Amino acid sequence: MTSHVPNEARVIPLRPRAERPEARPAASRPTASPVPPERRPPTVREPLWRDLVGDVLRRERLEQERTLKEVAEAARISMPYLSEVERGRKEASSEVLAAAAGALGLGLGDLLARAQGELVRLTSRHTGAGAGRGTPGTRFDGMCLAA
């Protein structure tokens with residue numbers, strides 16, 4: 001007995017398809033923004049934590065002139081996984097980060113403090129020193145991690 005069920009997968013989009021503007025009636029089209037584009041604040045993409053941590057790990061490994069294989073073996077994690085962490089492709093657990101940091105002679109706190117310093121450096125470029133934290137010109141020196 002043969003089945004006549006089509007060989008197609010049912011795809012459920014995660015986001016609705018963008019509607020073409022010409023397909024909507026003129027009354028439902030968005031009107032011009034009240035703020036002209038030249039007066040809007042620039043949109044700055046916040047750096048991702050995994051990118052910052054990966055950059056710190058890679059920079060430290062290269063400063064020590066060590067290969068990815070050497071560090072991965074010392075940390076007892078796979079070389080491809082360490083590579084993905086360094087490139088910011090994987091969100092590593094605290095155990096993996098501690099192992100990678102330890103293989104480089106760093107503590108987990110050292111790794112996170114360096115990543116936090118990089119975050120402050122990158123974001124202060126766009127917002128100005130102390131912007132949004134306390135009084136103008138004050139430096140925020142805390143770190144908060146959420147899972």
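1. Basis of the note. This is a predicted model, in which local features need pLDDT of at least 70 and side-chain atom pairs count only at pLDDT 80 or more, whereas totals for chains, interfaces and linings use all residues. Residues are numbered from 1 along each chain as its sequence is written, and side-chain values use heavy atoms, with hydrogens and water left out.

2. Overall make-up. The protein chain contains five helices and zero strands, and along the sequence the pattern reads α-α-α-α-α; helices here are DSSP runs (H or I, at least four residues) and strands are runs of E of at least two, both numbered from the N terminus.

3. Burial and surface. Of the chain's 147 residues, 20% count as buried, where buried means under 20% relative accessible area, exposed means over 50% and partly exposed lies in between (1.4 Å probe, protein chains only).

4. Contacts along the sequence. When contacts between residues at least 6 apart in sequence are considered, 62% of them join residues at least 24 apart, a contact being heavy atoms within 4.5 Å.

5. H2 against H4. Two packed helices are described by the angle between their axes and the distance between the axes. The axes of helix H2 (residues 68-75) and helix H4 (residues 94-103) come within 8 Å and cross at roughly 120°, the axes being lines fitted to C-alpha atoms, for helices over the stretch in contact, with angles running from 0 to 180 degrees between N-to-C directions. H2 and H4 are therefore oblique to each other, given that angles under 35 degrees count as roughly parallel, over 145 as roughly antiparallel, 65 to 115 as roughly perpendicular and the rest as oblique. The crossing of H2 and H4 is right-handed, a term used if the near helix is turned clockwise from the far one by less than a right angle, with left-handed used if anticlockwise. Val71, Ala74 and Ala75 of H2 make this contact with Ala99, Ala100 and Ala103 of H4. By class, the contact of H2 with H4 has six nonpolar, no polar and no charged residues, where Ala, Val, Leu, Ile, Met, Phe, Trp, Tyr, Cys and Pro count as nonpolar, Asp, Glu, Lys and Arg as charged, and the others, Gly among them, as polar.

6. H2 against H3. The axes of H2 and H3 are 9 Å apart and pack at an angle of about 105°; the two helices are therefore roughly perpendicular to each other. Leu68, Lys69, Val71 and Ala72 of H2 meet Met79, Leu82, Ser83 and Glu86 of H3, and the residues of this contact divide into five nonpolar, one polar and two charged.

7. H1 against H3. Helix H1 (residues 49-63) and helix H3 (residues 79-86) have axes that come within 7 Å and cross at roughly 115°. On the H1 side the contact involves Arg50, Gly54, Asp55, Leu57, Arg58 and Arg61, and on the H3 side Ser83, Val85 and Glu86. The contact of H1 with H3 has two nonpolar, two polar and five charged residues.

8. Glutamate 86. This residue lies in helix H3 and counts as buried because its relative accessibility is 3%. Leaving aside neighbours within four places in sequence, glutamate 86 is in contact with Gly54, Asp55, Leu57, Arg58, Arg61 and Leu68.

9. Leucine 111. Leucine 111 lies in helix H5 (residues 108-127) and, at 0% relative accessibility, counts as buried. Apart from neighbours within four places in sequence, leucine 111 is in contact with Val53, Val56, Leu57, Leu97 and Ala101. The C-alpha atoms of leucine 111 and glycine 54 are separated by 9.8 Å, although the two residues are 57 apart along the chain.

10. Loop residues. Glutamate 65, in the loop between H1 and H2, has a phi near 55°, a positive value in a residue other than glycine, and counts as exposed at 73% relative accessibility. Arginine 76, in the loop between H2 and H3, likewise has a positive phi, near 60°, and is exposed with a relative accessible area of 77%. Glycine 107, in the loop between H4 and H5, is partly exposed at 29%.
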